[in-house]
Each structure stands twice: as C-alpha cells, then as structure tokens.
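Subject: Structure handover

Hello,

Here is the structure you asked to see. My notes on what was found follow below it.

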Amino acid sequence: MAQEMGMFTVAQTIGSVLCCKCGILMQPNAANMCAKCIRSEFDITKCLSKSVNIVHCPECDRYKQPPSTWIKAKPESKDLLAFCLNRLKDLNKVRLVHAEFIWTEPHSKRIKVKLTVQKEVLNGTTFFYLEQLILKHDAAKYAIRIAQTKQGIDFFFNKQSHGRKFVEFLREVAPIRDDEGKKLVSSDTKSNTHVFKYSFSVEISPICREDLICLPPEVAISLGNFGPLVICNKVTSILTLLDPFTLRQSFLTKEQYWRSSFRALLSCKQLVEYIVLDVEVVSREVNVRGVRYVLADAQVARVSDFGKNDMIFSVRTHLGRILKAGDYALGYDLYGANINDIELDKYKGLVLPDVILIKKSYEKEGQKWGKSCSWKLKSLNMEINNGAKGGDHEENLECELFLRDLAENPGSVFNLSLYSNGEISEMGSMSNIEDVSLTLVDDFEDLDLGDDVMKE
C-alpha cells in the first residue's frame, strides 16, 4: 500500500549477533552462543544410560518386562520402541523430541535406537532470586562454609539448630520440599555418647516466573476448573497463576504442587518476539490483585518471519491495556513448538492456541539492561567445586538474564537489597528508585513513591 502511494518504506531485517565462542553470525538467543558451541559446552546426555540389557526369548519371540512380565513385539514396531524407551533410566530429565531405530544385521543381537533430546541448560531465575533473599535477611549468617556443587549449593553449619532454622526460612520464601537424615560419625559405648551428622535436603520447584504451564487435570479441578493453560506470574512459597484467556487468578500452595510435581510446558527462555499489527479490546479493565488487565483480540506476526512469509496469527491476550499496533511483544510460539508433555496428552480434544503473549517487549524502545546501570546486587561467598558449573561464562549468562529480568520488572526489587555500582553502599530509600536505572513501565504508571516511604 505504501509503495503504491509513492511513500518511502524501510525494509525489515532480522537482527543478528556474533557467537561469543566462535564468532560466527547467528540469530540472538539466551546464551548468545550458536548451536554447535552450546553442544560443545553442555552435555545434556550425561544423565542418560547409553545401553541397557534386554532379555529376549527366540522361541516365543517375546521380551522380558521386569520383574516377571513377557511382552510380544514385532521388530522395529512402535511397541518395541516404547519398550526400549521405558527401559532407559532418567529419560524424564530431558525432553524427548524424536526416536527411531537404526538398521542392524538380521542376525545381530543388538537393538539400536537413535534419540533426539532437548534440555534447558540455563534456568536459574528462581534460584538467583532466592539467593538475593538469603542475603537480604542474612539467613546464612551461621554458615561456616558455602560450596557450589553440580546440583546446587551446599550450606554447612556447626549446629543442627542453625541448619533447621535455615530450612525453615526457605520454606517461607520458596516452593520447596525438604527431607532430613542423619549419619553416625562416632560413638563411645563406655560413656554412651554418640556423634551424628545431620543432613537437610532441599529441592526447589523448577517453575519460574513467566513460564507457561499445563495443569494436570486433578489440579485444574481442585482449583475450580482453572486453566489448563496458565501463566506463572509470581513465585514465592505459593505459585501465583493467571489464566490469560479468562483473567482468572489462582494460587497453588507448595503442598499442592509437590503432590503432582509437574513441569513447565514452555520456559521463559523459549519466548519468541512478535510485532503487534492490530488490537481490539473485547472486555473492560479488570483489576487482579493490584495489576490491571484487559482482554483483547490481537493480530501478531513473528519478527523472524519478516521477508520470508506473510503468516499472521490471531490471538486472545490479557495485555490489551498496554499493547497497541506497532508494539513488540514476547510470547510462546505453540504453532511451531514441538511439545512433548504428559499432562497435555491427558486433555482429549484440547485445541491449543497458536500464540500466547506473555509481556510487552521494550528492547525496541531502548529499555534494555546494560553494564552502565548504576546499581548491582551482591552474591554469596561460595566455594566452587570442580565441575560444578559449565564455567564462568555460563554463570555470567545466568546472572545477566536475572538482572535483565529485574530491570524489566521493577516491582520485584522491593524485596531485595540494591547496592551502588561504585561504592557498594546499600541504598536505604526506595524513593530514589529512578536512580537505580529501573524504568517504571506501563504496568506501574500509577505507583506513587513519595518521601514517606520507610527506610530500611
């Protein structure tokens, strides 16, 4: 239309960056590394068994399913493939994308299966937020040693009461489940004294803010037929969930979560950038616990599709109050995603939307986290064990993602301690929030920070 009228138009191009490892040109992602470098840095198949023994009876052509069941399956059939996959341990720790047989000689005693798996290698938003809460409340002041391991962080205390108090603090601020055990270190039968070593195991929920979740049917029913596709808005000791299609909000306690122990359908690292073409409001403004939403029908297109195709998606979104034509938004691409989720398969006849928008993107307006920010956060003084992390580069990437999330969501900093980037002096007043380089976006336009705000 613009060309027919003789107007000057700017050609849309796809942004690209250099890989931080090899320097090749690529489309930007959360790790800023190309796929080849990511595969060389992280081995997501370490937890998977590469081979397993299968008992086969040549006379009846059956396979033994432990402990005492025999099943019949034809060579290279779906039943045999399912049987082989069930024998693999820890397959639930990764996402299975594809599985197929590899041809072998007819007389061979081996069955070869080729698997394609996926796994998130960067997912530490909740973990970093919990670290800041520990520093804010000085919960680890009695720890004599803090060590970073491959599976998380180990805290060492001199007294059992100190460790128990630390676990109680974690119960109040995060959706965790814990277990306690003890081990006999030494004993004296003459004086009837025994020395025990107590261990507290704490597991944090893998659900992070802005994750897309498919609730299990029993959980959705217990919440009043809520969902099943919902967005996690906040993670504390309670998970705050929002239905983006009805604007209903519900809360899931940690006890309810760990009874079903589901995972996110798509995580915040899989967000795709869209451009908003048109927005039509379909409902009035609704205030959901201090946050205002408006349901709207929007037409969006993937930014990566410009110059390749003219595919447009019509979506129902809860961001009708802040979105307008020409804006950029981040959302989950269910149209092109390869989803393998057990809970989703339980819903027969469920029609998935093509796109679910999560938040407005401000990167095009210059509101992007940068090194010039005048504030920063402290971190725990930890010893890093060998092999605990993929390297300093991976840790810096996770920290950068967390800091960027704080910069884009100023409301989440009120529970944290911010420090000057120059002299590490704690900022006592949150009334100077503008000096912290946090831009109050549309969601916080009514927030009034006056001089009567209490100092820490």
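In which strand is the place of Leu 184? Leu 184 sits in strand E10. Please keep in mind that this is a predicted model.

Surface patch

Together with Phe 196 and Tyr 198, Leu 184 makes a nonpolar surface patch of about 260 Å². Leu 184 counts as partly exposed because its relative accessibility is 45%, which falls between the limits of 20% for buried and 50% for exposed.

Salt bridges

Side chains of opposite charge can pair when their charged atoms come close. The count of salt bridges in this model comes to 12.

Arg 177 forms a salt bridge with Glu 203, and their closest N and O atoms are 2.9 Å apart. Glu 203 is partly exposed, with a relative accessible area of 37%; for Arg 177 the value is 37% and the class is partly exposed.

Another salt bridge links Asp 178 and Arg 171, with the closest N and O atoms 2.9 Å apart. Asp 178 counts as partly exposed at 32% relative accessibility, and Arg 171 counts as partly exposed at 31%.

Glu 285 and Arg 292 also meet through their side chains in a salt bridge, at 3.5 Å from N to O. Here Glu 285 has 37% relative accessibility and counts as partly exposed. Arg 292 is partly exposed too, with a relative accessible area of 21%, a value that is not under the 20% cut-off for buried.

Cysteines

A disulfide is a covalent bond between the sulfur atoms of two cysteines. How many disulfides does the structure hold? The number is zero.

Regards

Conventions. Residues are numbered from 1 along each chain as its sequence is written. This is a predicted model: local features need pLDDT of at least 70, side-chain atom pairs count only at pLDDT 80 or more; totals for chains, interfaces and linings use all residues. Side-chain values use heavy atoms; hydrogens and water are left out. A salt bridge is a side-chain nitrogen of Lys or Arg within 4 Å of a carboxyl oxygen of Asp or Glu. Buried means under 20% relative accessible area, exposed over 50%, partly exposed in between (1.4 Å probe, protein chains only). A disulfide is a pair of cysteine sulfur atoms within 2.5 Å. Patches are made of residues with over 30% relative accessible area and no salt bridge: like charges are joined within 9 Å, nonpolar side chains (Val, Leu, Ile, Met, Phe, Trp, Tyr) within 5 Å. Accessible areas come from the Shrake-Rupley method with a 1.4 Å probe; for residues, only the protein chains shown count as cover. Helices (H or I, at least four residues) and strands (E, at least two) are DSSP runs, numbered from the N terminus.
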